[in-house]
Amino acid sequence: MKATLGQIGIGLFLLVVVVVFAGMHDFSGMQAASPPRTGWAGALGVGWVAMSVLLTRGKRDAITKDVVSVAPMPDMMLVIHASQTGFASELAARTAELLRSGSVTVELRDIAALTPAMLAHATRALFVVSTTGEGDAPDNATAFRRAAMNSPQALHGLAYGVLALGDRDYEDFCAFGHDLEHWLHASGAVPLFDLVEVDNGDEGALRHWQHHVAQLSGVTTQPDWSRPAYQPWRLLERRLLNRGSMGGPCFHLALAPEDATLLSWQAGDIVEIGPRHASGEPVTLPHREYSIASVPADGALHLVVRQMRAVDGTLGLGSGWLTEYAAVGALIDVRVRRNEGFHAPIDDRPAIFVGNGTGIAGLRALIKARMARGHTRNWLVFGERHAQADRVHVDELERWHDLGGIERLDLVWSRQPGGSRYVQDRLRAMADEVRSYVAEGASIYVCGSLAGMAPGVDAALRNILGESLVDELAATGRYRRDVY
Ligand SMILES: Cc1cc2nc3c(=O)[nH]c(=O)nc-3n(C[C@H](O)[C@H](O)[C@H](O)COP(=O)(O)OP(=O)(O)OC[C@H]3O[C@@H](n4cnc5c(N)ncnc54)[C@H](O)[C@@H]3O)c2cc1C
Ligand SMILES: Cc1cc2nc3c(=O)[nH]c(=O)nc-3n(C[C@H](O)[C@H](O)[C@H](O)COP(=O)(O)O)c2cc1C
């Protein structure tokens with residue numbers, strides 16, 4: 001939206017007023033967490049916000065009021081991230097870095113650690129948020145959404161920007177980003193610029209956001225952000241894990257980097273692979289994500305990949321490349337992505353791991369990491385179809401159980417008579433044990449299917465533990481999910 005000359009005039013007038021006003025007052029006491037800032041730099045910050053507010057949305061009646069009330073921490077910027085699989089967190093960190101390179105004071109915060117009161121005291125906030133599930137907020141935002149976003153708050157002094165990550169293949173594109181923006185708007189906050197939607201990591205949209213952030217930081221000569229380059233990793237091994245299964249073939253893969261220094265990640269991290277067609281010719285195709293199933297001490301990156309086929313028999317792009325077209329010994333394009341939200345607890349409090357199918361990948365890495373640290377209070381509830389055909393790494397899990405690395409192992413076979421049908425049924429049947437693990441400080445990790453399993457487990461946990469405890473576990477990092 002273009003500003004009228006009148007609006008620019010008002011903006012310049014306000015700029016002069018706040019410069020004089022800031023020179024006479026110390027605003028810093030209003031936000032104890034940040035260093036005192038007064039005088040020209042701060043006042044210019046306020047003036048800048050005043051101008052931005054005017055330039056971005058001329059239509060608001062309360063502009064003058066908004067501009068005056070942004071005074072408390074003129075140059076401080078909150079950068080808030082809500083992320084399910086780590087990309088939003090990564091972009092928020094880059095955003096913070098770019099702002100700091102322009103000497104902006106930044107506070108980078110997980111949305112789980114954000115309260116409405118903090119926002120009410122802030123003058124500027126950038127939100128980097130993804131959408132997960134079917135138009136849902138990431139898990140770390142659930143508590144904030146329930147506690148704060150139910151109704152408008154008084155955020156009249158806040159100017160904000162929203163980077164909404166999503167994927168147009170989903171019906172509710174960037175739904176959480178939009179919900180957040182509606183709520184901010186209803187709460188009286190004003191946008192610094194229009195919400196930026198990012199479809200599947202689109203670099204053009206990221207450039208657009210980077211441009212806005214560069215304007216805020218005053219540093220405009222930044223190289224474009226792009227995803228890290230793929231590195232060549234050699235496919236060392238491919239082994240079918242479920243011979244005779246009614247389900248799609250599921251493979252164990254092992255890959256080693258050409259550059260041995262890349263053998264570095266944490267359990268819970270994800271890889272992005274660059275698929276190729278059957279010919280193996282390098283082409284630019286959308287990446288696919290897989291949960292890492294090993295730890296660096298294994299000397300290789302392990303994956304558990306289900307081969308996908310369309311009804312016409314066509315192989316899925318990523319799974320087809322990894323499980324059929326790429327020859328053992330071939331080089332695969334790989335980049336590791338940090339997924340902080342799914343890292344193992346650092347202490348030896350108990351942990352409950354719940355998953356199904358290829359979800360064993362992420363759980364296997366986490367349990368390996370825990371066992372390596374001597375943290376053996378691990379309870380695994382794992383579901384597949386048949387005890388004979390679908391033993392995806394189950395022999396190994398049973399060995400770890402026998403050796404005491406897994407304290408408790410519950411295997412749930414959905415296509416066999418007797419016992420629980422699904423992992424969520426087993427949790428309900430073990431409600432007392434779930435409650436006592438959680439009372440002892442257990443974290444809960446869920447990995448695997450978004451369809452059926454993850455919502456079923458969530459409902460079971462809410463039934464067993466109560467809504468507010470589950471929300472609290474999510475907000476404090478004790479309920480973590482890698483579901484797809
Ligand atoms: C965080 C995360 C972790 C993941 N971890 C794992 C993991 O550990 N293991 C794992 O196996 N997967 C994992 N996935 C899923 C994985 O990323 C891919 O989505 C999966 O391998 C399917 O991708 P694809 O390219 O093979 O299939 P795509 O080509 O994307 O096809 C997907 C589906 O669409 C159907 N389809 C494809 N083409 C057509 C067509 N022309 N017409 C009709 N239907 C069609 C196929 O049947 C297929 O089922 C994870 C996903 C995420 C987000
Ligand atoms: C299981 C799953 C569900 C998703 N659901 C949606 C959705 O409903 N709407 C949408 O726009 N994007 C959806 N996405 C796409 C993500 O928002 C997108 O990949 C984003 O970059 C992830 O960021 P994050 O790693 O910070 O969570 C989904 C992605 C996954 C893996």
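This is a predicted model: local features need pLDDT of at least 70, side-chain atom pairs count only at pLDDT 80 or more; totals for chains, interfaces and linings use all residues.

**Exercise 1.** Decide whether Arg309 and Glu324 form a salt bridge, and classify each residue as buried, partly exposed or exposed.

*Solution.* 
Step 1. The closest N and O atoms of Arg309 and Glu324 are 3.9 Å apart. The cut-off is 4 Å, so the pair counts as a salt bridge.
Step 2. Look at the positions: Arg309 is in the loop between strand 11 (301-306) and helix 9 (317-325), while Glu324 is in helix 9 itself, so the bridge ties together parts 15 residues apart in sequence.
Step 3. For the classes, remember that buried means under 20% relative accessible area and exposed means over 50%. Arg309 has 48%, so it is partly exposed. Glu324, at 40%, is partly exposed as well.

**Exercise 2.** Which parts of the chain does the salt bridge between Glu440 and Arg377 link, and how accessible is each partner?

*Solution.* 
Step 1. The closest N and O atoms of Glu440 and Arg377 lie 2.7 Å apart.
Step 2. Both residues are in loops: Glu440 between helix 13 (431-439) and strand 16 (443-448), Arg377 between helix 10 (360-372) and strand 14 (378-384). The two are 63 residues apart.
Step 3. Glu440 has a relative accessibility of 41% and counts as partly exposed. Arg377 has 23%, and it too counts as partly exposed.
Step 4. Some salt bridges share partners: in this way Arg146, Asp458, Arg462, Glu467 and Asp471 are joined into one network.

**Exercise 3.** How many aromatic pairs does a search of the whole structure find? Classify the pairs Phe144 with Trp183 and Trp233 with Trp265 by the angle of their planes.

*Solution.* 
Step 1. The search finds six aromatic pairs.
Step 2. In the pair of Phe144 and Trp183, the ring centres are 5.6 Å apart and the planes stand at 90°, so the pair is edge-to-face. Phe144 is in helix 6 (residues 142-148) and Trp183 in helix 7, 39 residues apart. Phe144 and Trp183 are both buried.
Step 3. For Trp233 and Trp265 the centres are 6.4 Å apart and the planes are at 50°, so this pair is tilted. Trp233 lies in strand 7 (residues 231-240), and Trp265 in the loop between strand 8 (250-257) and strand 9 (270-274). Trp233 and Trp265 are buried too.
Step 4. Ring pairs also join Phe342, Phe353 and Tyr445 into a cluster.

**Exercise 4.** Which residues gather in the patch of negative charge on the surface, and where is Asp172?

*Solution.* 
Step 1. The patch consists of Glu134, Asp136, Glu171 and Asp172.
Step 2. Asp172 sits in the loop between strand 4 (159-166) and helix 7 (175-186). Its relative accessible area is 40%, so Asp172 is partly exposed.

Terms used
Residues are numbered from 1 along each chain as its sequence is written. Chains are lettered from A and ligands numbered from 1 in the order in which they are written. Side-chain values use heavy atoms; hydrogens and water are left out. Patches are made of residues with over 30% relative accessible area and no salt bridge: like charges are joined within 9 Å, nonpolar side chains (Val, Leu, Ile, Met, Phe, Trp, Tyr) within 5 Å. Accessible areas come from the Shrake-Rupley method with a 1.4 Å probe; for residues, only the protein chains shown count as cover. A salt bridge is a side-chain nitrogen of Lys or Arg within 4 Å of a carboxyl oxygen of Asp or Glu. Lys and Arg count as positive and Asp and Glu as negative; His and the chain ends are not counted. The place of a charge is taken as NZ of Lys, CZ of Arg, CG of Asp or CD of Glu. Helices (H or I, at least four residues) and strands (E, at least two) are DSSP runs, numbered from the N terminus. Buried means under 20% relative accessible area, exposed over 50%, partly exposed in between (1.4 Å probe, protein chains only). Rings of Phe, Tyr and Trp (its six-membered ring) pair if their centres lie within 6.5 Å; planes under 30 degrees apart count as stacked, over 60 as edge-to-face and the rest as tilted.
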